[in-house]
Amino acid sequence: TGKQGPRSYWSARAAAEAGLADAWTGTAEGAVAALEQQLHAIIGQQMVADVPIGAFLSGGIDSSTVVALMQAQSSRPIQTFAVGFAESSFNEAGYAKAVARHLGTDHSELYVSSEDVLGVIPRLPQVYDEPFADPSQIPMLLASQMARRQAAVVLSGDGGDELFAGYNRYLWTNKLWAQRHATPRLLRLVAAAVLAAVPAARLDRLFSRLQRLLPIAVLQQPNLGSKLHKLAAALRTENVTELYRMLVSYWQEPSRLVPGAAEPLIDIRADNTLAGAKTLIDDLMYWDLIGYLPGDGLVKVDRAAMSVGLEVRLPLLDQRLVEFAWRIPADLKLRQGQGKWLLRQVAYRHIPAEMLERPKMGFSPPIANWLRGPLREWGEELLAAERLADQGLLEPGIIRECWQAHQAGYRDAALPLWSVLMFQAWYDEQQQRSSPILAGWIESGDKRAEFAGDGATPPS
């Protein structure tokens, strides 16, 4: 064309719209077979390496499917790696171990201790090089360090949720939005106020007791109190875009947190939906594919892994699989009250369903407990009112109120607080090249501040 500059050679939007326009018309059984065949070929290609290779294994659908198809093509046990937590509501290591035993992999696991957390914290600003605020960055970095001691390449199951409707919010957002039009606005607001009236931590304790008394499946979910508070916020929203942004935002009113600031225009907006989208689920998955995945999930994995010299390969995000997934109708992804129905059927061909069927946990650590425990002193110093006021960047009153409510157990504010803490840690790193708080640990020779990589040095 004679025009200068870069141009896109592949577009997620174009792939999604092309898939919607050429939707799968075969049977559900045929779609399962086609998906397994494609996954088998892609995973086989990604297993080619002249260095030791392994896989991250959480015991969930995505990673278990990847590992199963790896082991099916390997003449020796695949090396698998899992991270666990002492808190049972956050711990998936036992499930991963059971899957590894069933598949016959060479399995390693690490249970994260408070010492591990304190050892990782000082390096987060260097590893991520920006105020990156997904707390699962901690177990991700620890998992990468563990894996690097035995492998140079690992496969991971990232992308399955975004392509096959795996997040819980897809299911209940779809239900909520379908029902909200029949509910008067005043009634929705009253319901929201009732749900938010009881602290999330108190609701968690209540439902924990009820689980032993009432065999109600909806009560058998981790952190149900926080989810009900999120439902309350969802009931207050007025459109789908507002609802989605509420679900994926740590701070609902960020302009109050940063005086004089306003949110920029982003891709998650009402006029940026897919041509040919058949359901709300299509747009939700698309927004995750262009927003959350490249802005959070992939950043988390890539920087953690590369900080210790580990290469991570993502078979579920091979462009051929992305294009195939967008041809699959939403009712083959969300089915029988479950997300990732199609991917589950592939997994069940290799792993008993009872090993995989459980409430979704994700990879989140018990950051709320840590901020009230081993990380409390660190947080108090970074969020001191005088320190925030001297910086003049954030509103101290809002942050202190949030911190105190969290410490008192009135609310679980771990995620909004973590975003501020990561900004503060990064800001110190940029201003002084080392946080004065963390520098004290390092200068005193505290071994918690040493980089835990196996022979690797921290980025300069």
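**Exercise 1. Classify Tyr292 by accessibility, then work out its ring pairing.**

Step 1. Tyr292 has a relative accessible area of 25%, so Tyr292 is partly exposed. The cut-offs are under 20% for buried, over 50% for exposed and partly exposed in between (1.4 Å probe, protein chains only).

Step 2. Know your source: this is a predicted model, where local features need pLDDT of at least 70 and side-chain atom pairs count only at pLDDT 80 or more, while totals for chains, interfaces and linings use all residues. Residues are numbered from 1 along each chain as its sequence is written, and side-chain values use heavy atoms, with hydrogens and water left out.

Step 3. Apply the ring rule. Rings of Phe, Tyr and Trp (its six-membered ring) pair if their centres lie within 6.5 Å; planes under 30 degrees apart are stacked, over 60 edge-to-face, the rest tilted. The whole structure holds 9 aromatic pairs. In one of them, the ring centres of Tyr167 and Tyr292 are 6.1 Å apart and the planes stand at 85°, so this pair is edge-to-face.

Step 4. Helices are DSSP runs (H or I, at least four residues), as are strands (E, at least two), numbered from the N terminus. Tyr167 sits in the loop between α8 (160–164) and α9 (168–180), and Tyr292 in helix α15 (residues 280–306), so the pair ties together parts 125 residues apart in sequence.

Step 5. Check the partner. Tyr167 is buried, at 15% relative accessible area. Ring pairs also link Tyr167, Tyr170 and Tyr292 into a cluster.

**Exercise 2. Classify the ring pair of Phe423 and Tyr427.**

Step 1. The centres are 5.8 Å apart and the planes at 25°, so the pair is stacked.

Step 2. Both residues lie in helix α23 (residues 414–432), 4 residues apart, about one turn of the helix.

Step 3. Phe423 is partly exposed, at 21% relative accessibility.
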